Amino acid sequence: MLSFAQPLILAALAGLALPLLAHLVNRARARPLRFPSVRFIGPSQLPRDKRRSLRDLLLLLLRLLFIALAVLALARPAWTPADGSAPAAAGQTRTLIVLDASASMSGWGAWEEAQEAVKAAAESGNPTGLILFDTEILATVPVGSPARTLEQITADIEPGQRTGDPSPAIAAALHEVGPDGPRKLILISDFQQSTWQSPSWPKLGEGVEIEAVQVGDFARPNAAILDARAYAAPEGRLRVLARVRNDATTTRKVTIELHHDGDTETQTLSFAPGQTQTVAFLIDKPEDSEGEVVLAEEDAYAGDNAFAVWLGTPAPAQVVALLPTMQEQDKLQEVAFVQKALTAAGENMPQDFVLSGAAPDFDFGAVADAIDVLYLPGTTAYLDEVQLEMLRDFVENGGVALITPGQAASRQFRLLREGGLTNTAFVGVPGRNREQREPFRIATLEPGSPLAEVFTGESARDLALAEIYQYVKLQPDAKASVLLATEDGDPLLLRETLGRGELLISALSLDTQWSDLPLRNAFLPVLREVLSQAVKADDTVIRLAVDEPLPADFPLPPGATTPRVSAEPGVIELGPYMIQTNLARSESLNQAALVSDIRAQLSGETAPESPDAAGSAATGPTTAIALWPWLAAGALACLLAELLLAAPARRASSRKAAHA
Amino acid sequence: MPPSVHDLLDPAHLAQLGNYALLARSAVEGFLSGMHRSLFHGFGTEFLQYRDYTPGADLKYLDWKLLARSDRLYTKVYQEETNMNVQLVLDTSASLEYRGSRAACTKLHYACMTAACLAYLATRQGDNVGLFAYGDTLREVIPPGHRAGQLERVLQALTRLEPAGAAKHEAMLQTFGNQLRQRSIVVFISDMLEGETVLPDQLKRFRLRHCDTLAVQVLDPDELDLPIEGVARFHDAETGREVTSWADSTREQYMSQMSDFLDSLKESFNRSQVDLLRLGTDESLGYALARYLHHREGLR
């Protein structure tokens, strides 16, 4: 089949008329010549030179051929050999629609548009099939099925509550359209970022055209409940905190309701564009442990307007401090500061930690399961080998150790290294005299670092103003992440992973002799945030997305298969555990991936820089044979022949001009 | 390598010199330096009378022989020989505009170069040079004179000439004859096309007035053999008449008629006792200069 990359250039074939006209007009005509006297020049008949006419005709033919070949070459023709398969022979393209049916497709008007797009594709005249997917392939309609079947299926099925994963669907689609002939995939989706960010999509083979149809409008206003949790409040009551985000581009009032025990608590808050707020409900301890936070108004996506919440009280994290001796007043002061910070509770801040003290020789190995955090305020130096072994076991099994330096910091880090807990080494003490030198400062937090999200604006300023008089200089382990550092780059707070647990190592004693940090507002959030990130969520409640399996380490009786308990949103009780299931909040994301990037990744290419380039890269089989080089060579040959043939005539013409 | 005489008189070489004074000087000096000395005769002085010697007179004019015979002092009084007038009559009609493929310049330019060389040569020999140029009307008239800058005036006038109109030989030569006062050398330069009946008679009149007359016919080589290729619409430069012709078919007839015309012209001039010099625009100017000096010889 002959095709042209630049078919509009073919209009230049009209230029063939030019040499033809010139040939007809430019017959042997008498040229004017001014001569001194014509008295001896007699009139004569015009010559009839047949040989010259033949040459003229040949020249005309060559010129016509040159123009035709040059124009055809510029139009970039390509010859696609006929394919043996039936659809190709009939000039049809095997088409397969890959339709996204993840939860987000139920919002932003996407599904209605998708139904229209399926209808349009099914009626294109090509043999068309359909694959419907969310996390897995939901339905497959073979290529060549009637258009009505495709429309009926999209009318009957609605997007579910699961997240989307297009990889299996695309792989199945490539298998369905076959290996030969013209093939086409039509991707119909909202192309939500969370769905279309797989790094391992199957690559399209040669000759597979891809068309992306984006449906839905993420600009429509939406509000989402991101999370909801219950905490114990004073007087046996319960505090339910829900985080709500306004995805609209305008400020709006959002009414949030909490349904529990047949009652409804209501709060209305004003949200700025893009703002996330925590809404607190204070309720009496309910009889039914299942509650639901709901947004009262309808919006673009209904899937994130409800959140099932377990109305129980998670146990606070247990922190055990191995107390120093009474001689170490500074360290005792530190323990007091840390206790105050961890056990503080407010209106919107539940009590997350309970701190209890123990002697350094306390056998914490016996109660390790009940301890979440082991706090070592300089007392690492007192641990013997057995205790160090216990400490390592505790951390490797998921515990968190918070270690601060004491007077014998050097010995502390040596013991930790010898105990196989860390490779972080003690280097020295840069400053000891608070009177004689400028205090050290905490460096600005790197964007994206764990504490950067917490410390913004005024809180970051407070942290930066903290004066540090003394710290131990550490050479951190290669695997350690630095949470806080001085302006010179020395680490102040390190987090290291050991087994399933973590070590939090401070280069700073948390008392007022080493710094004024414990006296600052920033101290409480630093400590709580660092510990919250390290301590595993309370293991009373397991939070799942719809259809998400139970965690692999969920304790099951030997031989039992993992039950699927998350088919619908809600709260169920499974033995001592509460299973809280909700729609995946990733489906609430109102941002679409770049279609050009998706096309490029599927085509196995790097992302194109412009949308046009993306379009051209994604379309068109590459088996066509380019004809333009042959045509260009032909045009060149014609030009040379014309020049050779016309050379005598041109020389004669120049002589005549000279005579004139 | 310095240019040879031939180079200096080659119109292809001279036509590149835009300045007629330089052109004439180059050609004439080169020409003279290459000639045998006998061809060139200077002018002497003519004895008029004796005069009594007065103290202070130049002793070189004292007649020593008479002093020896008669013992009286006489000085000779000489009269300078009267110089000739050289009248250059130039036809500037439109037919002289033609320049063929083999010619170095147009016929008019060649005619002007010839006139310039003759004017320079004459001035160099102490003659008075004048110019009379015409086409359909009078173009330039410079009476012969010996004032300073006369040659310059003639050369400047030559520079101003442009070919135009049909030549009105009879009327113009009549006008020229009326202002001719004394014996002169008349050098008539023209292509003389269609003038075979008028020109010999008109120039004969000058001859009868004891003027030595030289007719110089300037022709382009194309006018002799019509080498035009293909069909051409010939437009007569003077009459405006047009003839469409294929030269290949009419060339022989043309050359025959042209030859007859030239022969009859020569015969007519012979009858009129007027020398005819025919020059092609691709020929050396030496012929013109030699013929001019030959005429000068004829005057003595």
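Mentor: Before we start, two residues are in contact if their C-beta atoms, placed from the backbone, lie within 7 Å. This is a predicted model, in which local features need pLDDT of at least 70 and side-chain atom pairs count only at pLDDT 80 or more, while totals for chains, interfaces and linings use all residues. Residues are numbered from 1 along each chain as its sequence is written, and chains are lettered from A and ligands numbered from 1 in the order in which they are written.

Trainee: OK, what share of the contacts in chain B with a separation of 6 or more comes from residues 24 or more positions apart?

Mentor: Such pairs account for 75% of those contacts in chain B.

Trainee: And how many helices and strands does chain B have?

Mentor: Chain B has 11 helices and 10 strands, taken as DSSP runs numbered from the N terminus (helices are H or I with at least four residues, strands are E with at least two).

Trainee: Which strands make up the open sheet in chain B?

Mentor: In chain B, 6 strands form it in the order E5-E4-E3-E6-E7-E10, with mixed pairing, where two strands pair if DSSP finds at least two bridges between them. Strand E5 (138-145) and strand E10 (275-280) of chain B are the edges, each pairing on one side only, and the twist from one strand to the next averages 15°.

Trainee: How do E3 and E6 of chain B run?

Mentor: Strand E3 (residues 85-91) and strand E6 (residues 184-190) of chain B run parallel and are joined by 6 bridges; within that pairing, Val89(B) has Phe188(B) of E6(B) as its bridge partner. Helix H5 (residues 107-124) of chain B packs on the sheet, where it touches E3, E4, E6, E7 and E10 of chain B, and its direction makes about 175° with that of E3(B). Such angles run from 0 to 180 degrees between N-to-C directions, and the axes are lines fitted to C-alpha atoms, for helices over the stretch in contact.

Trainee: What about the helices H7 and H8 of chain B, at what angle do they cross?

Mentor: The axes of helix H7 (residues 169-178) and helix H8 (residues 199-208) of chain B cross at roughly 5° and come within 10 Å, and H7(B) and H8(B) are therefore roughly parallel to each other (that class takes angles under 35 degrees). From H7(B) the contact involves His169(B), Glu170(B), Leu173(B) and Gly177(B), and from H8(B) Leu199(B), Gln202(B), Arg205(B) and Phe206(B).

Trainee: Switching topic, how much of chain B counts as buried?

Mentor: Of its 300 residues, 42% do; a residue is buried if 20 or more other C-beta atoms lie within 10 Å of its own, exposed if 12 or fewer, and partly exposed in between, with C-beta atoms placed from the backbone.

Trainee: Which residues of H6(B) are buried?

Mentor: In helix H6 (residues 150-160) of chain B they are Val154(B), Leu155(B), Ala157(B) and Leu158(B). Viewed down the axis of H6(B), these buried residues fall within an arc of 155°, so they line one face of the helix, the arc being that of the directions from the helix axis to the C-beta atoms. Glu152(B) and Arg160(B), on the other side of H6(B), are exposed.

Trainee: Last one, how many residues does each chain give to the contact between A and B?

Mentor: Chain B gives 29 residues and chain A gives 23 residues. On the chain B side, strand E8 (231-236), strand E9 (242-246) and helix H10 (247-271) are the elements that give two or more. Strand E2 (residues 31-35) of chain A pairs with E8(B) in the parallel sense over 5 bridges, and Arg31(A) stands opposite Ala232(B).

Definitions and conventions
Parallel < 35°, antiparallel > 145°, perpendicular 65-115°, else oblique.
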